[in-house]
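The following report is meant for a reader who is new to this structure. Please look at the sequence and the model first, and then read on.

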Amino acid sequence: MLLYASLVLLVIFAILVCFFRDLLYAAVSLALASVMLSVVLFQYGANIAAVFELSVCAGLITVLFVSTVSMTKDSDQANESRLPAYFLPFILVLFLGLDFFLVKWLAGSTLVGAGFPATPGLTFQNAFWGQRMTDIVGQVSLILVGVFGILTIMRALSERRKHD
Amino acid sequence: MITNIGLMLLLPLAAVILMPWVSRLHRRAADVLAALAGLGLVGLCLRFIPLRGETLTLRVLNTQFSVDGLSLLFLVVVNVVAFFCILYSIDYMNHYDGRGKFYALLLLMVLGLNGVLLVRDLFSLYVYLEIVSIASYVLVAFGLKWDGIESALKYLLLSVVATGLILVGLGIMYLNLGTLEFAELKLLLAAGSGPNTVFLLAAALFIAGFGLKAAIMPFHAWLPDAHPSAPAPISAMLSGVVIKVAGVYALTRLFFDIYPSPARVLNVFLILGVASMIGGALIAYFQSDIKRMFAYSSISQIGYILIGLGLGNPLGLIGALFHVLNHALFKSLLFLNSGALQYRTHTRDMNEMGGLEHRMRVTGITSIFGTLSIAGVPPFNGFWSKLFIILGALAAKQYVVAVLAIFLSVFTLGYFLLMQRRVFFGKLNLKWQDLKEVPLTMSLAMIFLAAQCLLVGIFFNEVLRYLVEPAAAILLGGK
């Protein structure tokens, strides 16, 4: 029952992301969709994926979105939007610390998925560094694409700020 | 030689990391860095050619990247076209700001394409495909104009559907076989491990997903908007390279190298190929936007490639793979021609042009090379690949397909000659009286690509021996 409820809510929150005209509400709705996805992943026994979804997608990404939205508001709204910007470094450190402990815990845990027999010796550490090393250049490149993509799309805004 | 495989990824990555700093040094520094990276990549992949399809594998720090005949053909296509697009961009990007960001994204796109071709694991292929896709969305919207952003969103939405289908297909394979490595999948599928119907479902998902990426009809809706809205070098990359690697290479690798018997999907390829060949050409005929016309003609030419693959015999496969190379060369050239026209006239509407041959000699002459190549006129490169596909169709007793391919080739010549008449010949429109040819690097890129269309046609035997036949050998199970 919980699974179906989570799936329905996941779809509703995902659709709402596209319909909200306020980016802040859209970011919060996206975070709620991520939380629902985490519940679905827990239900399927994919605990590691669920924890990552919850900590990174629902947590870290939302903080980044909310901060960015606050920072890019018009200058007349700047006063009310500075608070998240001040707190951003602390929240980032907090999440990085949490992720560090999470990864440390995960590193030694054996990977078992729903429907799969446990593979002896297959830990998160082995899978990440031993089996999926090929993807690391890809992951680094994906992050770079995201960074350059955002810089490209936001460049008109930064140019306007320079002129102002 | 083996370390060159790693450099195919690390060289563009290093250039991308350096780009923000280098682009601040001097206005032209980003151009030099991007051009050097592009040239370096061409040099690296040309060094693999003497191996004639021998498989090279790089294993370092638990990573595995390989080059075989099939990936080499596509690597050459990607990196040669990318270099000429970078060369063209040096002057073309004067119309845009954010030059460093443009090159960074273009090089990341090339990195992603090289990654797709070098990995030996379906999940890694998916990761690199995403790099290509995300870079493409941003590059389509690079001008930050309304039509570009709208097209990028359309491209993104349809591409996400494709990605979803591919991911579900990967999930099915992994759940049933416990691996996504090419070699292991090949062995397990050949041994008949797992339920057959499930693998057929995965095959259908892969065809739909990669078909969307390749813009095969009826999955083509995003392409006619995305390609014209992008800056010209990106249109050239998307039409010349991206749809082939993201779609055709992935489908070829899956169904001719990994799946044990491609026979079941051959008919699907043939039907989709004929639909794309006819549909793309018919819609292209009615376009007045020059880049839209080229985009629809890309769908038609992808149809030829699919037909060659669908025939499944050596002639058809050689023709299809040769057409991958040829289409990349002449379609990139044609898109760069359209970019040159837009650079000077600020319009893509062919009805507003006319008589430009007198003012833009290089663009005019090189576009004739492109026209003759795409129409399959001898001795240009398009002639040989289309000939092989038609001979393959005759050998497979697919007479209707052969006749359609010949007819559509003539039809292609017809609408491209019409384009020539509307754009370059006839009376010069008075408002173009003071028009000049495009700057040097743009002209050079077009001249080099036009020369390649002719040279590949003249020396087709060597190209077949060193590039196409080793690739076809993989598809025919010879390696």
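How closely do the axes of helix α6 of chain A and helix α5 of chain B come, and at what angle do they cross?

## Basis of the report

This is a predicted model, in which local features need pLDDT of at least 70 and side-chain atom pairs count only at pLDDT 80 or more, while totals for chains, interfaces and linings use all residues. Residues are numbered from 1 along each chain as its sequence is written, chains are lettered from A and ligands numbered from 1 in the order in which they are written, and side-chain values use heavy atoms, with hydrogens and water left out.

## Two helices from two chains

The axes of α6 (residues 134-153) of chain A and α5 (residues 122-140) of chain B come within 9 Å and cross at roughly 10°. α6(A) is therefore roughly parallel to α5(B), a term for angles under 35 degrees. Helices here are DSSP runs (H or I, at least four residues), numbered from the N terminus.

## Salt bridges in chain B

A salt bridge, meaning a side-chain nitrogen of Lys or Arg within 4 Å of a carboxyl oxygen of Asp or Glu, joins K186(B) and D257(B) at 3.1 Å, N to O. This pair links helix α7 (residues 182-190) with helix α10 (residues 232-258) of chain B, 71 residues apart. K186(B) is partly exposed, with a relative accessible area of 34%, whereas D257(B), at 12%, counts as buried; buried means under 20% relative accessible area, exposed over 50%, and partly exposed in between (1.4 Å probe, protein chains only).

Notes
Axes are lines fitted to C-alpha atoms, for helices over the stretch in contact, and angles run from 0 to 180 degrees between N-to-C directions. Angles under 35 degrees count as roughly parallel, over 145 as roughly antiparallel, 65 to 115 as roughly perpendicular and the rest as oblique.
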